[in-house]
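Hi there,

Here is the model I promised to pass on to you.

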Amino acid sequence: MQVDIASFTPWSALLGGVLIGLAAALLYLGIGRIAGVSGIFGKLVCDQEANSGWRFAFLIGLILSAPLWNALVAETPPAFRLHLDNPQSWAIFCVAGLAVGFGSRMANGCTSGHGICGLARFSRRSLVAVLGFMTGGVWSVYLVRHLLGD
Amino acid sequence: MTYLLASLSGLIMGCGLILSGMTAPGKVQAFLDVTGAWDPSLAFVMAGAIGVASIVFRLSSRLPNGLLNGRAPTLASGAIDTPLIVGSLLFGVGWGISGICPGPALVGIGAGYLPSTVFVICLLFGMEFHAWLSGSPVSGTEETSPTPWPGKP
């Protein structure tokens, strides 16, 4: 194992994490809901569940964060800018979307629902889910980057 | 008020995802790339988020009625079963090969990032496929049926 010091950003990561935690806390305290993005998205678009106005509002806020961020922090150091690189083919994004959509429904949560909210309330199911995310992720990155890649 | 709080929460979460680097697929993959040049940054994202959320969740259990009109959601603490394990592994594979998960994908749509849009469309197909396979649109959910709010939102 070799730590990539050049791209290691502990402070912006920690601060960003704190913001994510605050967002989850706000939703929980304010309206008694769990900030799990795949659940919110799935129940709104896929299940078309009743009383989903708050889900729609949450997703609109999430989507609008990018233009807001770009407008507010255009002059900041590169580390704080919105990074979106594009290292893969379209087929990868399609397969990944299918796997993430199917998997998040099957496991009842994603990186925000299980990884943040679930772990924050010490759920055993969420701990297992996060270990599953990491295991699947580490193996597939190894496959893509080291076995299939250069 | 409900909608305002929900959209504010989404906005803050999006900013957190951007600042933390979760929206950068390469950075996510570098975190999962433990055998290569490993970037441990995302562990700090989790630490910050879980730290804040766990403190607030803990404190809120002492409040009789939450903070505003909030009431704690009743959460199913089901058994650890095969769908949980298989589903999370499958999620991990998709997350690993693309470096994208649902939250950052939606932020990416707002940024006009085309791969995110493709990802989210396929994400929806994946969800629909699971719903179709399991027969009913709503399988067992982590969050049980929503409690009716006092008054209109």
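This is a predicted model: local features need pLDDT of at least 70, side-chain atom pairs count only at pLDDT 80 or more; totals for chains, interfaces and linings use all residues.

Residues are numbered from 1 along each chain as its sequence is written, chains are lettered from A and ligands numbered from 1 in the order in which they are written, and side-chain values use heavy atoms, with hydrogens and water left out.

Chain A has six helices and one strand, in the order β-α-α-α-α-α-α along the sequence. Helices (H or I, at least four residues) and strands (E, at least two) are DSSP runs, numbered from the N terminus. Of the 150 residues in chain A, 51% are buried (buried means under 20% relative accessible area, exposed over 50%, partly exposed in between, with a 1.4 Å probe and protein chains only). Among the contacts (heavy atoms within 4.5 Å) in chain A between residues at least 6 apart in sequence, 30% join residues at least 24 apart.

Helix 2 of chain A (residues 37-46) is worth a look, as eight of its ten residues are buried. Among them are Ile40(A), Phe41(A), Leu44(A) and Cys46(A), and Lys43(A) is buried too. The cover comes from both chains: it includes helix 1 (10-31), helix 3 (53-72) and helix 4 (90-106) of chain A, along with helix 1, helix 5 and helix 6 of chain B.

Most residues other than glycine have a negative phi. Gln48(A), however, has a positive phi of about 50 degrees; this residue sits in the loop between helix 2 and helix 3 of chain A and is exposed, with a relative accessible area of 62%. Phe122(A) also has a positive phi, near 55 degrees. Its place is the loop between helix 5 (113-120) and helix 6 (124-148) of chain A, and Phe122(A) is exposed at a relative accessible area of 60%.

Now the interface. In all, 111 residues of chain B are in contact with 109 residues of chain A. The area buried between the two chains is about 10500 Å², with carbon and sulfur atoms giving 75% of that; buried area is the accessible area (1.4 Å probe) that two parts lose on being put together, summed over both. On the chain B side, Met13(B), Leu19(B) and Phe57(B) lose the most area to chain A, together 8% of what that side buries.

There are two salt bridges between the chains (a side-chain nitrogen of Lys or Arg within 4 Å of a carboxyl oxygen of Asp or Glu). In one salt bridge, the side chain of Arg125(A) meets that of Asp81(B) at 3.4 Å, N to O.

Enjoy exploring the model!

Best wishes
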